[in-house]
Amino acid sequence: MKIVSAKENDVPIILKLIKELAEYEGLLDEVTATEDDLTESLFEQKQAQVLLVEEADEVIGFALYFINYSTFIGRGGVYLEDLYVRPSYRGSGAGKALIKKLAQIAVEIGGQRLQWWCLKDNTLSLDFYEHMGAKQQDDWVVLRVSGMELEKLAEK
């Protein structure tokens with residue numbers, strides 16, 4: 001098993017894995033990303049980065065992340081947007097390897113945090129993350145402005 005940084009020619013498999021993740025979470029109808037979107041945002045604008053985990057030259061999972069910042073700590077960190085390992089490879093150590101790699105990246109940049117969200121009803125993932133040392137942050141509320149509300153808010 002090895003972890004590699006995704007390259008532009010990996011966009012088709014990245015999108016396939018994103019759709020598999022969305023299907024697993026019951027959110028496939030929310031995926032609007034295209035290969036062109038991913039190419040532009042990941043490799044032209046460099047808005048996020050992707051790690052791929054491979055076994056025997058087959059991509060079995062991914063982690064999409066970006067660098068964030070804590071004003072209170074005065075340092076950056078790593079924000080994990082999505083982590084996914086194909087069902088037949090769960091329990092193989094692939095997810096743990098991706099989390100460890102992200103922790104290494106956070107330490108390498110002098111960051112103080114690795115953080116992410118997880119759906120409340122995804123108890124298997126929550127148990128896995130807690131086993132890895134993650135602590136739930138129950139005192140925070142996630143807020144989002146999107147779609148038409150975002151367009152309206154951005155009007156001048």
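How many aromatic pairs does the structure hold? The structure holds four, where a pair means rings of Phe, Tyr or Trp (its six-membered ring) with centres within 6.5 Å; planes under 30 degrees apart count as stacked, over 60 as edge-to-face and the rest as tilted.

Hello everyone, a quick word on the ground rules. This is a predicted model, where local features need pLDDT of at least 70 and side-chain atom pairs count only at pLDDT 80 or more, while totals for chains, interfaces and linings use all residues. Residues are numbered from 1 along each chain as its sequence is written, and side-chain values use heavy atoms, with hydrogens and water left out.

Let's start with the rings. One of the four aromatic pairs is Phe66 with Tyr79, a tilted pair at 5.1 Å centre to centre, with 35° between the planes. Phe66 belongs to strand β3 (residues 58-70) and Tyr79 to strand β4 (residues 75-85), so this pair ties together parts that are 13 residues apart in sequence. When I say helix or strand, I mean DSSP runs (helices H or I, at least four residues; strands E, at least two), numbered from the N terminus.

One more ring before we move on: the charged end of Arg90 sits over the ring of Tyr24, 4.4 Å from its centre. That label applies if NZ of Lys or CZ of Arg is within 6 Å of the ring centre and within 35 degrees of the ring normal.

Now please find helix α2, residues 35-44. Its buried residues are Leu38, Thr39, Ser41, Leu42 and Phe43. What covers them includes α1 (11-24), β2 (49-55) and β3, with contact meaning heavy atoms within 4.5 Å. Just after α2, Lys46 takes a positive phi of about 55°.

On to charges. Side chains of opposite charge can pair when their charged atoms come close. How many salt bridges does a search of the whole structure find? It finds four, each being a side-chain nitrogen of Lys or Arg within 4 Å of a carboxyl oxygen of Asp or Glu.

Glu54 bridges to Lys2, with the closest N and O atoms 3.8 Å apart. That pair links distant parts of the chain, Glu54 in strand β2 and Lys2 in strand β1 (residues 2-5), 52 residues apart. Glu54 is buried at 15%, while Lys2 is partly exposed at 45%.

Within helix α1, Glu20 and Lys16 are four residues apart, about one helical turn, and their salt bridge has its closest N and O atoms 3.8 Å apart. Then Arg86 meets Glu58 at 3.9 Å, N to O. Arg86 lies in the loop between β4 and α3 (94-108) and Glu58 in strand β3, so this bridge ties together parts 28 residues apart in sequence. Bridges that share partners join Lys16, Glu20, Glu58 and Arg86 into one network.

Notes
Buried < 20%, exposed > 50% of the residue type's maximum accessible area, 1.4 Å probe, protein only.
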